[in-house]
Amino acid sequence: MAKPKTIHTIASLLARTEDYGTCKEWTGYYVNKISPAIYHEGRVWPVRKVICQLQNKPVPPTNFVSTSCGNQKCINPFHIEIRSTVEHMTVMASKVEHMNPSRLLKLTASAQVRRKLTDEQLHEIMMGSRSRRDLAKEFSVHPSLISKIRAGKAHRMSAARNNPFFRLMG
């Protein structure tokens, strides 16, 4: 037997909140511990999108429904904003502290983990005449990466290949 469809009103949604200053913080279910969600009309919906629908504000599929207050738990109808993808990304980027030293350390560490090839291996790929399949097996990478490195389209050493004296450097 299917679960009966629940249809909410703005009042029934706001009844499941707690006041926190001017914000109305959602006390119900969250998707990914971030986005307030509710079972509505037979499926799980973002609460803010349901509120927009109940207020007859259409939300295009490519847009984001967010808050002007910045509180992720807030569902106050007066704080809800519909943003385009560009507006949303601009707001999200402004919240990240790009030059934070701990963030830079994490990025550097993750880049070092992702880096599979050493400078010597890159040099061998660019200078060698072995097949890309043999090199890919030896270095545990995809053959297409070998091709991209040789063509100068991938990797940090590729820029060096544009030097007319590159083959004399080895």
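User: In which strand is the place of Ser-35?

Analyst: Before the case itself, note that this is a predicted model, in which local features need pLDDT of at least 70 and side-chain atom pairs count only at pLDDT 80 or more, while totals for chains, interfaces and linings use all residues. Residues are numbered from 1 along each chain as its sequence is written, and side-chain values use heavy atoms, with hydrogens and water left out. Strands (E, at least two residues) and helices (H or I, at least four residues) are DSSP runs, numbered from the N terminus. Ser-35 has its place in strand β4, and Ser-35 is partly exposed, with a relative accessible area of 26%. On this scale buried means under 20% relative accessible area, exposed over 50%, and partly exposed in between, with a 1.4 Å probe and protein chains only.

User: What do β1 and β2 form, and how many residues lie between them?

Analyst: They form a hairpin with two residues between the strands, and Gly-21 in the turn has a positive phi of about 70°. Strand β1 (residues 17-20) and strand β2 (residues 23-26) run antiparallel and are joined by four bridges, with Tyr-20 opposite Cys-23 in β2.

User: What should I make of the phi of Asn-32?

Analyst: Most residues other than glycine have a negative phi. Asn-32, in the loop between β3 and β4, has a phi near 55°, a positive value in a residue other than glycine. Lys-33 lies in the loop between β3 and β4 as well, and its phi is near 60°, again positive in a residue other than glycine. Asn-32 counts as exposed at 66% relative accessibility, and Lys-33 counts as exposed at 79%.

User: What is the volume of the largest pocket?

Analyst: The general idea is that rolling a probe the size of a water molecule over the atoms shows where empty space is left. On a 1 Å grid over the protein atoms alone, a pocket is an open set of points where a 1.4 Å probe fits, with protein on both sides within 12 Å along at least five of seven lines, and lining residues have an atom within 4 Å of a point. Grid points are joined across faces, edges and corners, and a volume is the space filled by probe spheres set on the points. The largest pocket has a volume of about 420 Å³, and of the 18 residues that line this pocket, the closest to its centre are Ser-35, Arg-48, Val-65, Ser-66 and His-88. Two of these, Ser-35 and Arg-48, are 13 residues apart in sequence and 9.0 Å apart in space, C-alpha to C-alpha.

User: Which elements supply the lining of the largest pocket?

Analyst: At least two lining residues come from each of β4 (35-40), α2 (47-54), β6 (64-67) and α3 (85-95), and the largest share, four residues, comes from β6. By class, the lining has seven nonpolar, eight polar and three charged residues, where Ala, Val, Leu, Ile, Met, Phe, Trp, Tyr, Cys and Pro count as nonpolar, Asp, Glu, Lys and Arg as charged, and the others, Gly among them, as polar.

User: Is Thr-67 buried or exposed?

Analyst: Thr-67, found in strand β6, counts as buried at 5% relative accessibility. The side chain of Thr-67 reaches the backbone oxygen of Asn-71 at 3.4 Å.

User: How many disulfides does a search of the whole structure find?

Analyst: A disulfide is a pair of cysteine sulfur atoms within 2.5 Å, and the search of the whole structure finds zero. Cys-69 is in no disulfide, and its nearest cysteine sulfur, that of Cys-23, is 3.6 Å away. Cys-74 is likewise in no disulfide, with the nearest cysteine sulfur, that of Cys-69, 3.8 Å away. Cys-69 is partly exposed, with a relative accessible area of 36%, whereas Cys-74 is buried, with a relative accessible area of 0%.

Terms used:
Polar contact = N/O pair within 3.5 Å; in protein donor to acceptor, adjacent residues only side chain to side chain. Pairing = 2+ DSSP bridges.
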